Amino acid sequence: MPSALETLIKILKLEQNTDYKNTAVIGGLESFADNWAADAHTQAKRPEHHQLIDELRSQMYQYPAMDTKAARHESVKYMIGRIMGRIPTPPNLPPSDYIPPVESAPPEPVEPEPETVDSHADDEAGSDSERAAAPEQTQYDTIAPVDEGVTAAPARVLDDAADVPRVLPATNPPRRPHRPALSEEEKAERQQALQAPITVLNKVGDKMAEKLSRLGITTINDMLVAFPRRYDDYTRMCTLSQLRPGEIATVIAAVHSVAKRQGQGGRSYLSVTVSDDTSLLQVTFFGQPWLQRQFKQGGQVVLSGKVELFRGQLMMTNPEWEMLERENLHTRRIVPVYPLTKGLSARTMRRLVRQTLDYAHKFIVDFMPQSVLDRANLADLSWAIQQIHFPESYDYLSHARTRLSFNELFVFQMGMMSKRREWQELPGQPLHVDDEWLASFLSSLPYQLTGTQNRALNDIRADMEREIPMNRLLQGDVGSGKTIVAAAALAMAAHHGKQAVLMAPTSILAEQHARSIRHIFSQWSGGEHVQIRLLTGNTTEPERQEIYAGLADGSVHIVIGTHAVIQESVTFHDLALAVIDEQHRFGVEQRGVLRGKGTNPHVLVMTATPIPRTLALTLYADLDLSIIDEMPPGRTPVQTGILTPVERERAYGFIQSQLEKERQAFIVYPLVEASEKSEELGAAVDEYERLKKQVFVHQRIGLLHGRLRPAEKDAIMSSFAAGEIDILVSTSVIEVGIDVPNASVILIENAERFGLAQLHQFRGRVGRGDHASFCLLLAGSTSAESKQRLAAMEDTTDGFKLAEIDWEMRGPGDLLGVRQSGMHQFRLAELMTPRLVELSQREARTLYAEDSHLVQPEHQDLAHQVQHMLTQRADVS
């Protein structure tokens, strides 16, 4: 929903464009004023905001009495200037009649004392156990916001697994300092200082720079945005006796004993027993024998990891650890914990960050317009960066995180709206679709479209009739009927003698689409004249050349395929429509190549991953959005049940009973998508071998995982679809792209490790035939949160509802992966609450309505930041 200020700006702009005749709204501005003010007051945050609303309402009251165009011009100009902050508040403006809730402001921030640093800095002392491997592209881990009002005892650790509500801070941020006016030369100098190499810092030479580069840190700016991945509060640690199995905890304890032991299969491990005044804790480290030298009996250690119960004893396995810094225990409540690398200790990393902040804070330019900061009640950028690294309080940390997360959302939204404006400025190919033709096509379908299918089709029809190219996202739940809507769009293009292409991420999915669309066209009276061809990596060379020729001369009307359709040798005679299925599987360049195959063709992208509407309107602000959230009639819901590990044999028995009915089954094992570890892959492979030799000895079992070559994956999925495999043991690669109506049961091991949206996608692999189907969720964790999340899978089959639940409970991390591949990555994704996303949307649209090209002088810094985001830069200035 547009914000009240955005709505008013649009109306005032329209009033300017209609020559100030007071016709921008029915009844004139004076009749619009009261309803608008009532809505605006509900969105306002501060007394001065309410004061502004009353002033604008008064201006609208007076507008019809102005009898000259010049007077009305000045009035409209004044109102826009007040909204955008260019015109200050009049000195004698009376207070608002509307009384907002009273909010108490925290005390003024105090510059933190520099951290005490041991003169013998342990640059080389970091061990592998206190280091985290650097991710491929960026070192930033997401962190969850905290709220000082949440003090459920005992508080343990502030990180992405902490059970802390993700809320906006309840208080106002500290007062922002006066922002000096800077010349372009001064801004350039500050920017240059932030882009300086990290070696400008004292005592940072080439050796240290090489270590930092492994974390993606090469400049001052890189260090500023290398945010902590969690925080330890040394004054609120729990005791060992308070630990509970299944929770993530951080504790301080003394080393009681250290011993190297031999496990099953000859695998050695290090066993460390730690203690405090209340209990003992067993800590096990695998594959790190050198740690025996690090742990000294009686030494104080900070341990952070998952608490497990083994043979009646609490333990941690391969936790993060660091030797206790006494100064942190006595001088700082909240201690940042950063990603590390070999030769870089936690103590040294904190020292370097503090040194960077001392050097760089004076160079940071706050790019956010003052009017946005005032309306959104946000903190100063330089202050926020200092507080996210070394927070003075939980409330200050919450303000810092809110400001920095808002930055990401706001800049991303502005960038996507600028991309939307760019494609709307291109000329398209209008394809008029008359009612009679559409009715004839729809009557040939095997069933009536649902209400949401009809709405989506009407959206597409209206887009394709316009003189600007369509750029629409069709979002639908598993089995909601997106393909038939896409087929109708393809038919519209073919009806006009134009060409169309549908690109899918895998050969098997392209083949499924080709079968479905050929069947639909065979029932349509005009379908016999439409030549549809399939082009994948499996297409023979003679057939491939034949398809190329047909696309070039126009005799092939529709081509359905994989990446093969964007090869350089593919040319179209007259491409008018491009449909991209599971679009997040393709990179930006690949989609650009497909779009370039025609002259500004209409583009329809589809995804089967439900995304909450609020989040989708930000992630896809460059696209128009259609949602199919209604299932076709006659679908039998998949029955879902939650099992514990002791019920695994029972699950195997149920799978066996389904196989005896000549059904097929999936068994899914969790793997981390982007950073697969060989041990995790080994678990899937080992389980495949065990199941084949010990459990399902008379069945045909296949193995599918992401390490296989595309051709191997396609062959295995094709064999399963053809009924040549009874049980498919798989990782998350079966999330999309495989349609086997005969599959009736899916067992998901360690189901709590997946997001609800992903579990829902897995569940969608079964229930595609006429028989009853089942989804078995085997939970490895007994935590309350895991139970609550998995219970939602039992309670509903609505993918959009599950996505909302997952967003509220775990943040949007699992949903962000469906945004276009190769686009901006959010560093503070876990802070993207519905309320913050809505706030950033309102403010971005308000600003965009007033200055869409960001040409106003006060918006130049923001324009620079938006451009950097679009070119994958990550600056704070």
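Guide: A crossing is called left-handed if the near helix is turned anticlockwise from the far one by less than a right angle, and right-handed if clockwise. The model is predicted: local features need pLDDT of at least 70 and side-chain atom pairs count only at pLDDT 80 or more, whereas totals for chains, interfaces and linings use all residues. Residues are numbered from 1 along each chain as its sequence is written, and side-chain values use heavy atoms, with hydrogens and water left out.

Visitor: How many helices and strands are there in the protein?

Guide: Both are DSSP runs numbered from the N terminus, helices being H or I with at least four residues and strands E with at least two. Counted in this way, the protein has 28 helices and 23 strands.

Visitor: What share of the 877 residues of the protein count as buried?

Guide: A residue is buried under 20% relative accessible area, exposed over 50% and partly exposed in between (1.4 Å probe, protein chains only). By that criterion, the buried share of the 877 residues is 57%.

Visitor: How is H11 placed relative to H12?

Guide: Axes are lines fitted to C-alpha atoms, for helices over the stretch in contact, and angles run from 0 to 180 degrees between N-to-C directions. H11 and H12 pack at an angle of about 120°, with their axes 8 Å apart. Angles under 35 degrees count as roughly parallel, over 145 as roughly antiparallel, 65 to 115 as roughly perpendicular and the rest as oblique; H11 is therefore, relative to H12, oblique.

Visitor: Is the crossing of H11 past H12 left-handed or right-handed?

Guide: Contact means heavy atoms within 4.5 Å, and the H11 side of this one consists of Leu381, Trp383, Ala384, Ile385, Gln387 and Ile388. Across both helices, its residues divide into nine nonpolar (Ala, Val, Leu, Ile, Met, Phe, Trp, Tyr, Cys and Pro), two charged (Asp, Glu, Lys and Arg) and three polar (the others, Gly among them). The crossing of H11 past H12 is left-handed.

Visitor: How many residues of H11 are buried?

Guide: The cover over the buried residues of H11 includes helix H7 (220–224), strand E2 (230–233), strand E10 (334–337), helix H9 (346–360) and H12. Among the buried residues are Trp383, Gln386 and His389. H11 is mostly covered, and its buried count is nine of nine.

Visitor: What is the relative accessible area of Gln387?

Guide: Gln387 lies in helix H11 (residues 381–389). Leaving aside neighbours within four places in sequence, Gln387 is in contact with Glu392, Tyr396, Leu397 and Ala400, and its C-alpha atom is 8.6 Å from that of Arg401, 14 residues away along the chain. Gln387 is buried, with a relative accessible area of 2%.

Visitor: Is H1 roughly parallel or roughly antiparallel to H4?

Guide: The axes of H1 and helix H4 (residues 69–84) come within 10 Å and cross at roughly 155°. That makes the orientation of H1 to H4 roughly antiparallel.

Visitor: Is the crossing of H13 and H14 left-handed or right-handed?

Guide: Helix H13 (residues 435–443) and helix H14 (residues 451–464) pack at about 140°, with axes 13 Å apart, and are therefore oblique to each other. Asp435, Leu438 and Leu442 in H13 meet Asn454, Leu457 and Arg461 in H14. The crossing of H13 and H14 is right-handed.

Visitor: Is Glu662 buried or exposed?

Guide: Glu662 has a phi near 65°, a positive value in a residue other than glycine, and its place is in the loop between helix H20 (648–660) and strand E19 (664–668). Asn22 also has a positive phi, of about 60°, yet Asn22 is buried at 13% relative accessible area. With a relative accessible area of 65%, Glu662 is exposed.
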